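The sequence and structure are shown first.

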Amino acid sequence: KRNVILDCDPGHDDAIAIIIAASKRSHLNILGITTVAGNVAVEKNTVNALKICELLDLDVPVYKGSQRPMVKQSEIAPEIHGETGMDGPALPEPMKTHEDQHAVDFIIETVKSSKEKVTLVPTGPLTNIAMALVKAPEIKENIEEVVLMGGGTFGNWSPAAEFNIYVDAEAAQVVFESGVPITMFGLDVTHQVIADSAVQERFNKLDNKVAVFVSELLEFFGAAYKDHFGFEGGPIHDACTTMYLLEPEVFGTCRVNVSVETKGEFTYGMTAVDLLGTTGLEPNTLFAESVDQERFWNLFEEILISYDEA
Ligand code: BDR
Ligand code: CA
């Protein structure tokens, strides 16, 4: 089993990332779920994380994390995820609450005390991860890898920047400069896993409660993407991270240097992905550039079906 901490701002696609990680098909040992300010305020993201655990009968502790980015003020995305941060599906109020400990301290303590290395899987702004690295840089040695969703060679929040990086580019800079191995799922690859109507119809046919939840998530998310960006179907960005951990061969990757822009007037939050090696800088990132879509969706279907026996 591979130890992971899922650091997220659920979030329709964050929810799907958790569903993949928690499925019977998965060999991941989820040590905890940590939340961060991102799609909506951290309080709402935390309630959503708890609701997802409840629905999945997932007995994993949830830790509330950073209230705002390291330097600038929060920026949220209700136009994509709704006012609750996970509009669409109606879920019952969660029975359990989040733990008292702060997410950043949980990450530090857990990584430090774990016998085996821990993989961090951030699918929101990188505030918690950067804060942990700043507060306790010694944890680096026991981090196996940071498998993150963020960035890309184009933007969705500005022409140059993707939302998770844009919201806290200073945090992203800390993480990319930390020396910890990074695997990056940016928009280049996540925009190849679009839950269009054909995909939605395929999963609408499955009728266990998790599959129904996913259908409802995709319906809202798809409509929001249509409204906001004008294209058919939502890219289920965050799901790439955990799918990769389950089956790395589904993705094509290359080693590159990635730097984060924190100053540009038009490029704040951009990830400068050095695909042609123009900088001569050492690669610091395994960059996902392609995905076998057929394998991705087949595997996703298997994962949803695996919840049948739950
Ligand atoms: C990222 O932003 C959020 O809205 C999604 O959950 C994903 O993590 C995509 O840019
Ligand atoms: Ca997210």
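Ile 33 lies opposite Val 62, a residue of strand β3, in this predicted model. The strand pair concerned is β2 (residues 28-35) and β3, which run parallel and are joined by two bridges. In general, the strands of a sheet pair through backbone hydrogen bonds, in either a parallel or an antiparallel manner.

These strands belong to an open sheet of eight strands with mixed pairing, in the order β3-β2-β1-β4-β5-β6-β12-β9.

Two packed helices are described by the angle between their axes and by the distance between the axes. For helix α5 (residues 127-135) and helix α7 (residues 169-176), the angle is about 55 degrees and the axes are 8 Å apart. Because angles from 65 to 115 degrees count as roughly perpendicular and those under 35 degrees as roughly parallel, α5 is oblique to α7. The crossing of α5 and α7 is left-handed. On the α5 side, the contact is made by Thr 127, Ile 129, Ala 130, Leu 133 and Val 134, and on the α7 side by Ala 171, Val 174 and Val 175. Classified by type, the residues in the contact of α5 with α7 comprise seven nonpolar and one polar, with no charged residues.

Notes
Residues numbered from 1 in each chain as written. Chains lettered and ligands numbered in written order. Predicted model: local features only at pLDDT ≥ 70, side-chain atom pairs only at ≥ 80, totals over all residues. Axes fitted to C-alpha atoms, helices over the stretch in contact; angles between N-to-C directions. Helix = DSSP H or I, 4+ residues; strand = E, 2+ residues; numbered from the N terminus. Parallel < 35°, antiparallel > 145°, perpendicular 65-115°, else oblique. Left-handed = near helix turned anticlockwise from the far one by under 90°. Contact = placed C-beta atoms within 7 Å. Nonpolar A, V, L, I, M, F, W, Y, C, P; charged D, E, K, R; others polar. Pairing = 2+ DSSP bridges.
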